[in-house]
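Okay, everyone, thanks for coming. Let me put the sequence and the model up, and then I'll walk you through a few parts of it.

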Amino acid sequence: MTQDVKEIFGSPVGSLAAKVRTLAPSMTRSMQRVAEAVAGDPAGCAALTVTGLAELTGTSEATVVRTARLLGYPGYRDLRLALAGLAAQQQSGRAPAITTDIAVDDPIADVVTKLAYEEQQTLADTAAGLDTAQLDAAVAALAGARRTDVYGIGASGLVAQDLTQKLLRIGLIAHAHSDPHLAVTNAVQLRSGDVAIAITHSGSTGDVIEPLRVAFDRGATTVAITGRPDSPVTQYADHVLTTSTSRETELRPAAMSSRTSQLLVVDCLFVGVAQRTYESAAPALAASYEALAHRHRSTPR
């Protein structure tokens, strides 16, 4: 990634773009057009009245105002002032136009470059949008849990396994469930003091929502890791950790793009728990390394 790109990602311009990508799934298509316009051209949009921006995006003045409010501004006037400030910061240089669309006939070198760029953007967006208060609360619950169950299907199931393996390495009791029947029958056994985590990019995967609902009803602390903060799974989550909603393409399905952001959240949870339980986690981690060490030594012929 070039220095210019890094500067944009670390600036308010990048933060606005990250917010737009995160909130886009909860917007109507007309609101998305407004949000994409202001994130893509702060300077141009700052020069427009609410009527001008509505005409530019083929929407209405009411849609422009609703979009401004969803992005965190009291009204369009406040958004316009913020855009003017962002535009001034962009005068020192703009990130090059890099597209991450991968064509069937792209050279493998281009595939590597585009995927690396997209992965970096996904991680930056997830970090920018992650609610650290919610994360800290989830870490506290995990650190003190009697038992943790993690639910995930497909690619999210692989992330669920990754989290449970990490927790096991530091001496905690954790189980990953990708079978919906086993997930529900295990959720029935949870109670206050236990933790249940649902991992679903769409937030609407029934086989993940059902066990989380059961765990919620049983009094367990529940956590949802999802790219859709207003999705059905959040109804049964005490804590919601939002991941980046990377754009899906033909050669890069949602399962692939979402996994990167989910793994970042999982690593944040694990490190946070390890910090809180360091006195017991460190010896457990050392013991697990020692138990596996002989498998990594070369065997004499």
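Before I point at anything: when I say buried, I mean under 20% relative accessible area, with exposed being over 50% and partly exposed in between, using a 1.4 Å probe and protein chains only. Helices (H or I, at least four residues) and strands (E, at least two) are DSSP runs, numbered from the N terminus.

A bit of housekeeping. This is a predicted model, so local features need pLDDT of at least 70 and side-chain atom pairs count only at pLDDT 80 or more, while totals for chains, interfaces and linings use all residues. Residues are numbered from 1 along each chain as its sequence is written, and side-chain values use heavy atoms, with hydrogens and water left out.

Let's start with the sheet. Five strands make an open sheet, in the order β2-β1-β3-β4-β5, with parallel pairing; to count as a pair, two strands need at least two DSSP bridges between them. β2 (174–177) and β5 (239–242) sit at the edges with a single partner strand each, so one side of each has no neighbour in the sheet. On average, neighbouring strands here are turned by 15° against each other, direction ignored. For angles, axes are lines fitted to C-alpha atoms, for helices over the stretch in contact, and the angles run from 0 to 180 degrees between N-to-C directions.

Now look at β3 and β4. They run parallel and are joined by five bridges. V195 has T221 in β4 as its bridge partner, and A198 stands opposite A224 in β4. As for β4 itself, five of its six residues are buried.

What lies across the sheet? Helix α9 (residues 132–143) lies across β1, β3, β4 and β5, at about 120° to β5. Then α11 lies across β1 and β2, at about 155° to β1.

Next, α12, residues 206–217. Its twelve residues reach 16 Å from first C-alpha to last, close to the 16 Å expected at 1.5 Å a residue; that expected span is 1.5 Å times one less than the number of residues. Which residues of α12 are buried? They're V208, I209, P211, L212, V214 and A215. Their cover includes β1 (148–152), α11 (180–187), β3 (195–199) and β4 (221–226), where contact means heavy atoms within 4.5 Å. Just after α12, G219 takes a positive phi of about 100°.
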